Amino acid sequence: MTPPFSYRGGALHAEDVPLEAIAKEFGTPCYVYSKAALVSAYREISDAFSSIGHLTCYAVKANPNIGVLNLFAKMGSGFDIVSLGELQRVLLAGGDPSKVVFSGVGKREDEMRAALDAGIFCFNIESEPELDRLARVAQAMNRKARISFRVNPNVDAKTHPYISTGLRQNKFGIPYDDALRLYEKAEGLESIEISGIDCHIGSQLTELSPIVEALEKILILVDTLEERGITLSHIDMGGGVGIRYSDEQPPEMAEYAKSLITKLAGRPLKLILEPGRFLVGNAGILLTRIEYLKHGEEKNFAVVDCAMNDLMRPALYDAYHEIVQVNAGQGKDVYEIVGPVCETGDFLGHGRTLGAKEGDLLAILSAGAYGMSMSSNYNSRPRAAEILVDKGDCHVLRERETLASLTEFERLIPDAAQS
Ligand SMILES: *Cc1c(COP(=O)(O)O)cnc(C)c1O
């Protein structure tokens, strides 16, 4: 495969295109994705799980651009959505609604209706009131809603507390000990069809053992349900497989697959996976230009033209992203890499060594997941452009926002109302 991002003649390229040329043509800051990297991550999962019946449901929230969704849809991917907005994106991108699972703790009635209308595969139910509501909504539409319960297996995913979701104190899923009762209740509801069971214990998982432990607990439930006459046809193990940002050692996809497949051997259960970060994280970078080098009394700052509004992960989770120079520079200094936003939390990286001058380009690596999708207009900054590189070609997946777009939905108070 074409390496997604590599140096050629001292210049960083996205596939066959110099990032310098992308900055020149599309401006900065700018997200740049490698098509080859997206395709190869998807194939890595298909290959690893080829020996069992499975469906990859890409977690849209990691990177919801319809161009990205369209690429995965064409490869046969399903989708994991958490809102009506994400459902609309999937449909616009040509995704197959019968391969969509709907997650999230706060599904509204109108979202349930739209999802039923679209004919999605399954609602991942996260509470008893949600089950009651879905049953009512489906009944009123004269439909049957397929469901799984998202069960909280109470395992420690050993990841950042903000992205750990499988502990008893988290808001996600139904308590493990309520599962039997709720399945039995669901079985008695005319407008509900039980399809499977679901769990997602967290994100950026770098250890296999919590996933395996969760699966073991889920399988105990599957067996108990079977004894009570409730036969499930699918098991959804969520997403969460980590990627490498710096020196983490996330499990190899093949290894992850092997441990799940071994536990599932001999069971007629279709496996659903909901990977987000794994599919897109290392397929994207954020390209930015140095505005100023500021030599302070204690620290040096490289003030760049992207900020926490473009890439929130450092500010939100103290997340680490490798930051590299697009072209070789001279001299060396240690810098805080910061944006122009008026917050001390507005940093992209701490203590990074650069040999750079004003106007040089930097690439913030591993920014394909939860980058653009968590961006905002904070400080009235138009959102960055998104470019997909396919070998020597560039495709605009999203235009840079304009100044006009910033106030598009705002209105002045009419004169008459100001007395
Ligand atoms: C966020 C999320 C995912 C995707 O997580 P990744 O860590 O990006 O793979 C999958 N399923 C659910 C329910 C989620 O909330």
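Which residues in helix 8 meet which residues in helix 9? The first close-up legend below takes up this contact, after an overview.

**Figure 1. Overview of the predicted model.** This is a predicted model, in which local features need pLDDT of at least 70 and side-chain atom pairs count only at pLDDT 80 or more, while totals for chains, interfaces and linings use all residues. Residues are numbered from 1 along each chain as its sequence is written, and side-chain values use heavy atoms, with hydrogens and water left out. The protein has 12 helices and 21 strands; helices (H or I, at least four residues) and strands (E, at least two) are DSSP runs, numbered from the N terminus. Its C-alpha atoms fill a box of roughly 70 × 65 × 40 Å along the principal axes. The radius of gyration is 23 Å, which agrees with the value near 22 Å that a compact globule of 419 residues would have. This radius is taken over C-alpha atoms, and the globule rule is 2.2 Å times the number of residues to the power 0.38. Of the 419 residues, 53% count as buried. Buried means under 20% relative accessible area, exposed over 50%, and partly exposed in between (1.4 Å probe, protein chains only). Among contacts with a separation of 6 or more, residues 24 or more positions apart account for 70%; contact means heavy atoms within 4.5 Å.

**Figure 2. Contact of helix 8 with helix 9.** Helix 8 (residues 209-227) packs against helix 9 (residues 253-264) at an angle of about 20°, and their axes are 10 Å apart. That makes helix 8 roughly parallel to helix 9. Axes are lines fitted to C-alpha atoms, for helices over the stretch in contact, and angles run from 0 to 180 degrees between N-to-C directions. Angles under 35 degrees count as roughly parallel, over 145 as roughly antiparallel, 65 to 115 as roughly perpendicular and the rest as oblique. The crossing of helix 8 and helix 9 is right-handed. A crossing is right-handed if the near helix is turned clockwise from the far one by less than a right angle, and left-handed if anticlockwise. From helix 8, Ile211, Val212, Leu215, Glu216 and Leu219 meet Tyr256, Ser259, Leu260, Lys263 and Leu264 in helix 9. The residues of this contact divide into seven nonpolar, one polar and two charged. Here Ala, Val, Leu, Ile, Met, Phe, Trp, Tyr, Cys and Pro count as nonpolar, Asp, Glu, Lys and Arg as charged, and the others, Gly among them, as polar.

**Figure 3. Contact of helix 2 with helix 9.** Helix 2 (residues 35-48) and helix 9 pack at an angle of about 35°, with 9 Å between their axes. The crossing of helix 2 and helix 9 is right-handed. In helix 2, Glu44, Ile45 and Ala48 meet Met253, Ala254, Ala257 and Ile261 in helix 9. Six residues of the contact of helix 2 with helix 9 are nonpolar, none is polar and one is charged.

**Figure 4. Surroundings of Gly284.** Gly284 belongs to strand 14 (residues 284-295). With a relative accessibility of 0%, Gly284 counts as buried. Apart from neighbours within four places in sequence, Gly284 is in contact with Phe5, Val32, Tyr33, Leu365, Ser366, Ala367 and Gly368.

**Figure 5. Surroundings of Gly355.** Gly355 lies in the loop between strand 18 (347-354) and strand 19 (361-364). Its relative accessible area is 1%, so Gly355 is buried. Not counting residues up to four places away in sequence, Gly355 touches Gln325, Gly329, Gln330, Gly331, Lys332 and Asp360. The C-alpha atoms of Gly355 and Gly78 are separated by 44 Å, and the two residues are 277 residues apart along the chain.

Figure 6. The peptide bond from Thr28 to Pro29 is cis, with omega near -5°. Pro29 lies in the loop between helix 1 (19-26) and strand 4 (30-34). Asn142, in the loop between helix 6 (128-140) and strand 9 (145-152), has phi near 60°, a positive value in a residue other than glycine. Gln204, in the loop between strand 11 (192-198) and helix 8, also has a positive phi, near 55°. Asn142 is exposed at a relative accessible area of 73%, whereas Gln204 counts as buried at 9% relative accessibility.
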